[in-house]
Amino acid sequence: MLIHIDDTCSLQSVIDKIQQEATIYLKNGVYREKVVIDKPNITLIAEERGKVILVWGDASGTPMKQNFEKTYGTSGSASVTLTENAKGFTAKKIVFKNDFDYPNSNFENKQAVALKNDADTSYFEECDFLGYQDTLYANKGRQYYKNSYIEGNVDFIFGGAQAYFENCEIYSIARKTGVGYAIAPSTLETEEVGYVFDRCSFLSNAEKNTIFIGRPWHPGKREGHNPSALIMNSNLGEHIKELGWDSMSGFSPDNARFFEYMNKGKGSILNSKRRLLEEKDLEKYSKKNIFKDWDI
């Protein structure tokens with residue numbers, strides 16, 4: 001099923017009417033609405049990269065329209081949400097954006113998600129994910145991001161998915177105060193692998209030695225998580241802190257499955273806190289092993 005729309009249409013209304021596998025071609029424009037995709041095998045394709053923008057501006061601390069006494073929370077802040085029912089979702093050249101005014105907001109809870117993804121076998125190619133804190137919530141299932149751009153300043157790639165990022169730009173926006181963090185995996189201890197960054201570029205406008213690669217997230221400080229991330233064959237800019245990884249909520253990166261392999265750049269530094277993956281373990285982190293029956 002093929003559908004063509006422009007920004008005078010509601011993408012959500014179009015999706016609500018779909019009863020089968022569908023490909024939606026979006027003409028250039030700004031699609032300002034909160035979107036939830038709860039159906040399998042939907043594909044979104046933009047007319048041009050960077051010119052089809054799916055955007056909303058809620059933060060975790062934004063009062064809910066239905067009940068001003070409650071706030072949306074991190075998950076509810078998402079501009080676009082893919083539920084577990086959205087298995088097989090594909091996006092090409094789409095911009096996922098949360099334009100909550102993080103720098104000037106007085107909210108205590110400023111997390112503002114551009115995309116929350118719970119969809120297994122979800123695929124993104126030449127997409128852009130724009131926000132500040134908690135931009136991309138890669139939360140569940142197997143996810144693949146290729147030739148894409150992701151930006152933020154605090155934990156802006158986070159969650160428990162098995163996610164493979166290939167040839168992506170990971171851009172850390174400088175903070176006014178304090179250090180920044182690029183990733184915050186919350187991988188379940190039952191999962192063999194969490195996040196893999198292969199041939200990616202970690203870039204920033206921040207000063208030297210001010211951004212951690214990441215830290216281990218244990219949601220609600222609950223047991224059952226063993227955060228996992230591998231940065232390999234990638235270029236790390238000088239903004240990356242010498243220690244590489246930081247603690248989170250009392251959980252040490254020394255106890256997480258954080259590794260690096262064959263990286264380069266001024267931010268790629270060898271020391272006792274930055275563990276190198278042994279070559280014998282590489283196969284475990286391959287796309288073939290992670291995705292298995294998923295032919296990408």
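Predicted model: local features only at pLDDT ≥ 70, side-chain atom pairs only at ≥ 80, totals over all residues.

Visitor: OK, so how many aromatic pairs are found in the whole structure?

Guide: The search turns up 24 aromatic pairs. One of them is Phe158 with Trp217, with ring centres 5.6 Å apart and planes at 55°, so the pair is tilted.

Visitor: Where do Phe158 and Trp217 sit in the chain?

Guide: Phe158 is in strand β16, while Trp217 is in the loop between β22 and β23. They are 59 residues apart, and the pair links distant parts of the chain.

Visitor: And Phe158, buried or exposed?

Guide: Buried, because its relative accessibility is 4% and the cut-off for buried is under 20%.

Visitor: Which residues form one aromatic cluster?

Guide: The members are Phe89, Phe96, Phe124, Phe129, Tyr145, Phe165, Tyr195, Phe197 and Phe202.

Visitor: Switching to charges. How many salt bridges does the structure hold?

Guide: There are 17 salt bridges. Among them is Asp155 with Arg215, at 2.8 Å from N to O. Asp155 lies in strand β16 (residues 154-159) and Arg215 in the loop between β22 (211-214) and β23 (228-232), so this bridge ties together parts that are 60 residues apart in sequence.

Visitor: Are those two buried or exposed?

Guide: Buried, both of them: Asp155 has 5% relative accessibility, and Arg215 has a relative accessible area of 15%.

Visitor: Which ring does the charged end of Arg215 sit over?

Guide: That would be Tyr181, with the charged end of Arg215 placed 3.8 Å from the ring centre. Lys34 has a ring under its charged end too: Tyr72, at 4.8 Å from the centre.

Visitor: Back to the bridges. What does Glu84 meet in a salt bridge?

Guide: Glu84 meets the side chain of Lys140, at 3.1 Å from N to O. This one also links distant parts of the chain: Glu84 is in the loop between β7 (80-82) and β8 (90-92), and Lys140 is in the loop between β13 (136-138) and β14 (142-146), 56 residues apart.

Visitor: How accessible are Glu84 and Lys140?

Guide: Glu84 counts as exposed at 52% relative accessibility. Lys140 is partly exposed, at 35%.

Visitor: What about Lys280 and Glu278?

Guide: Their side chains form a salt bridge at 3.7 Å, N to O. Lys280 counts as exposed at 63% relative accessibility, whereas Glu278 is partly exposed at 48%. Elsewhere, salt bridges with shared partners join Glu166, Asp198, Arg199 and Lys287 into one network.

Visitor: Last topic, strands. What order do they take in the open sheet?

Guide: The order is β1-β2-β5-β8-β11-β14-β17-β20-β23-β25, which makes 10 strands with parallel pairing.

Visitor: Which strands stand at the edges?

Guide: β1 (2-5) and β25 (257-261). Each has a single partner strand, so one side of each is left without a neighbour in the sheet. The twist averages 10° from one strand to the next.

Visitor: How many bridges do β23 and β25 pair over?

Guide: They pair over 5 bridges, in the parallel sense. If you want a spot to look at, Met232 stands opposite Tyr261 in β25.

Methods. Residues numbered from 1 in each chain as written. Heavy atoms only, no water. Salt bridge = Lys/Arg side-chain N within 4 Å of Asp/Glu carboxyl O. Helix = DSSP H or I, 4+ residues; strand = E, 2+ residues; numbered from the N terminus. Buried < 20%, exposed > 50% of the residue type's maximum accessible area, 1.4 Å probe, protein only. Phe/Tyr/Trp six-rings, centres within 6.5 Å; stacked < 30°, edge-to-face > 60°. Lys NZ or Arg CZ within 6 Å of the ring centre and 35° of its normal. Pairing = 2+ DSSP bridges. Axes fitted to C-alpha atoms, helices over the stretch in contact; angles between N-to-C directions.
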